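Subject: Structure handover

Hello,

Here is the structure you asked about. My notes follow below it.

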Amino acid sequence: MKKITIAIDGYSSTGKSTVAKQLADYLGYVYVDSGAMYRAVTLYAMQEGIISKDNFNVEKLKESLNSIDLKFEKDASWAKAHIFLNGKDVEELIRNLEVSAFVSPIATVHEVRAKLVAQQQKMGLDKGVVMDGRDIGTVVFPKAELKIFMNASANERAQRRYKELVARGDNIDFQAVLSNIQERDHIDTTRTDSPLRKAADAIEIDNSEMNLEDQFHTVLQLAKDRI
Ligand code: C5P
């Protein structure tokens, strides 16, 4: 069977990573969570005092980029993949609302994007990869054989994210989650470098009313048609 590249883009919390991991496990492909890479850079910037509520030192961030090493490790399945920042497992830490609040401003910085896009392209060199993010079909893999653009209403997305955060014990309120999603959508779609856009040849899936199984089978069929 021929190996292909599968790019899954879309707004925040549309369930991109859930379907991407399922596909990668089913097809025996590598899964890359590009959002986790932007989140890990953000965590680094927070730990180094580069970004906080009242300060964002873009120059220091650019100078620090060479000190940031990112790696993924897979467990039994991609559902349990972890990202490592300079050798430390930060999978849990990068998912909190504080990182979510700073990640989109960090992701507007051209030098950050250039570093991460280069690493992402390297990870996809041999094909057989499912990558999710915001610019995968437009910038990282413009020649991907399958491009999906996922969408769902902001309210539905916030409900899902809220449930996820509550399930892992975070003490947050729904309105804060909804505001964060709307804020990230705004920054991600209006930034000058690689704004979130549906690629002209991407297939749009609105999963507001879809269950996970239907969503998986829809995307799997699209992949099978191209393999
Ligand atoms: O996918 P996730 O929601 O974890 O991504 C976090 C943030 O990282 C996004 O809101 C966006 O600002 C940034 N991002 C990006 N390009 C990607 C993936 C994520 O700019 N390919």
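This is a predicted model: local features need pLDDT of at least 70, side-chain atom pairs count only at pLDDT 80 or more; totals for chains, interfaces and linings use all residues.

In it, β9 pairs with strand β10 (residues 203–206). The two run parallel and share four bridges.

β9 itself covers residues 146–151 and is mostly covered, with five of its six residues buried.

Next, Ile8. This residue sits in strand β1. Is Ile8 buried or exposed? Ile8 has 28 C-beta neighbours inside 10 Å, and the cut-off for buried is 20 or more, so Ile8 counts as buried. Leaving aside residues up to four places away in sequence, Ile8 touches Lys16, Val19, Ala20, Val130, Asp132, Ile136, Ile148 and Met150. Asp135 and Ile8 are 127 residues apart along the chain, yet their C-alpha atoms are separated by 8.9 Å.

Now helix α8, residues 174–190. The helix has 17 residues, which should span 24 Å at 1.5 Å a residue. The end C-alpha atoms are 25 Å apart, so the two figures agree. Which residues of α8 are buried? They are Val177, Asn180, Ile181, Arg184 and Asp188. These cover an arc of only 100° around the axis, so they lie on the same side of α8. They pack against two helices, α4 (97–106) and α7 (154–167). The face turned away from the buried side carries exposed residues: Gln175, His186, Thr189 and Thr190.

Last, the whole chain. It has nine helices and ten strands. The radius of gyration is 17 Å, close to the 17 Å that the globule rule gives for 227 residues, so the chain is as compact as a globular protein of that length. Along its principal axes, the C-alpha trace spans about 50 × 35 × 35 Å. Of the 227 residues, 40% count as buried. Take the contacts between residues at least 6 apart in sequence: 75% of them join residues at least 24 apart.

Best wishes

Notes. Residues are numbered from 1 along each chain as its sequence is written. A residue is buried if 20 or more other C-beta atoms lie within 10 Å of its own, exposed if 12 or fewer, and partly exposed in between; C-beta atoms are placed from the backbone. Two strands pair if DSSP finds at least two bridges between them. Two residues are in contact if their C-beta atoms, placed from the backbone, lie within 7 Å. The radius of gyration is taken over C-alpha atoms; the globule rule is 2.2 Å times the number of residues to the power 0.38. The expected span of a helix is 1.5 Å times one less than its number of residues. The arc is that of the directions from the helix axis to the C-beta atoms.
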